[in-house]
Amino acid sequence: MLKRQFLLQEGDVCRELAFVEKGALYSYTVDSKGNQHVIRFAFEGWWMANLQSFFTGEPTTLNIEVLEDSELLMLDRKNHEKLLDEIPAYERYHRIIVQNAYVALQQRAENALGLTAEEKYSRLIEQNPEFMNRVPLNLVASYLGMSPETLSRVHGQMSK
C-alpha cells in the first residue's frame, strides 16, 4: 500500500488483520473539532487492525492509514479462525500477541494519566527509538497527548 492510503476508515467494518512486512501504519480517531488523536503505530513485524470491529463485526471508530509505503500480509477472520483451530503454535502466538497488546494498552493509559510530558517522551524513545526517525513530530505529539510545540520543547531539552 502507498503512503496516505487507508487500510480502514471510520464507519467500515474491520475484516482483516494486517501484518506489516515492510513499512509503517498508524491508527487514529478524529474528534468533533477535527483533531486527530493517534492511538498506535505498527512497524515491520507488528500487527495492525481494530480488534473490536474485527471480532464483533461492528463498524470501527478508528482510521488506519499508511505512514510509509508498506507491504502487508492480510488475514481474514475465516482463515484466522482456521489457523487458530488447526495450528496450536499459531493459537499460542496469537494469544501472546493479544496479551502483549493488552499490557501495552494498559501501560499507555497509565502513562497518559500519570506522567509528565518529559517522562512520556523519555519512555517512548527508550521503548521505541525508531519513532523519531520514522514518524512526523505532529503524530508523535498526538500519540503522546501533547501539542507539537510542547513536544518540540521537550525534544530540545532532552537533546541537550
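Two residues are in contact when heavy atoms of one lie within 4.5 Å of the other's. The views below are taken from a predicted model.

**View 1. Contacts of Phe41.** Leaving out residues up to four places away in sequence, Phe41 touches Leu25, Tyr26, Trp46, Met48, Leu67, Phe131, Val135, Leu139 and Tyr143.

**View 2. The largest nonpolar core.** This core has 20 residues, and Phe41 and Leu144 are those with the most contacts inside it. Two or more core residues come from each of these elements: strand E2 (16-30), strand E3 (36-42), helix H4 (117-127), helix H6 (137-144) and helix H7 (148-159). Helix H6 gives the largest share, 5 residues. In soluble globular proteins, nonpolar side chains tend to be buried together.

**View 3. Ser53 in helix H1.** Ser53 is part of helix H1. Its relative accessibility is 1%, so Ser53 counts as buried; the cut-off for buried is under 20%. Beyond its neighbours within four places in sequence, Ser53 is in contact with Asp12, Val13, Cys14, Glu58, Pro59 and Thr60.

**View 4. Phe55 and a nonpolar surface patch.** Phe55 also belongs to helix H1, which spans residues 51-56. Phe55 has a relative accessible area of 32% and is therefore partly exposed. On the surface, Phe55 forms a nonpolar patch with Leu51 and Val98. Together the three residues have about 200 Å² of accessible area.

Notes: Residues are numbered from 1 along each chain as its sequence is written. This is a predicted model: local features need pLDDT of at least 70, side-chain atom pairs count only at pLDDT 80 or more; totals for chains, interfaces and linings use all residues. Side-chain values use heavy atoms; hydrogens and water are left out. Patches are made of residues with over 30% relative accessible area and no salt bridge: like charges are joined within 9 Å, nonpolar side chains (Val, Leu, Ile, Met, Phe, Trp, Tyr) within 5 Å. Accessible areas come from the Shrake-Rupley method with a 1.4 Å probe; for residues, only the protein chains shown count as cover. A salt bridge is a side-chain nitrogen of Lys or Arg within 4 Å of a carboxyl oxygen of Asp or Glu. Helices (H or I, at least four residues) and strands (E, at least two) are DSSP runs, numbered from the N terminus. Buried means under 20% relative accessible area, exposed over 50%, partly exposed in between (1.4 Å probe, protein chains only). A nonpolar core is a set of buried Ala, Val, Leu, Ile, Met, Phe, Trp, Tyr and Cys residues joined through side-chain atoms within 4.5 Å.
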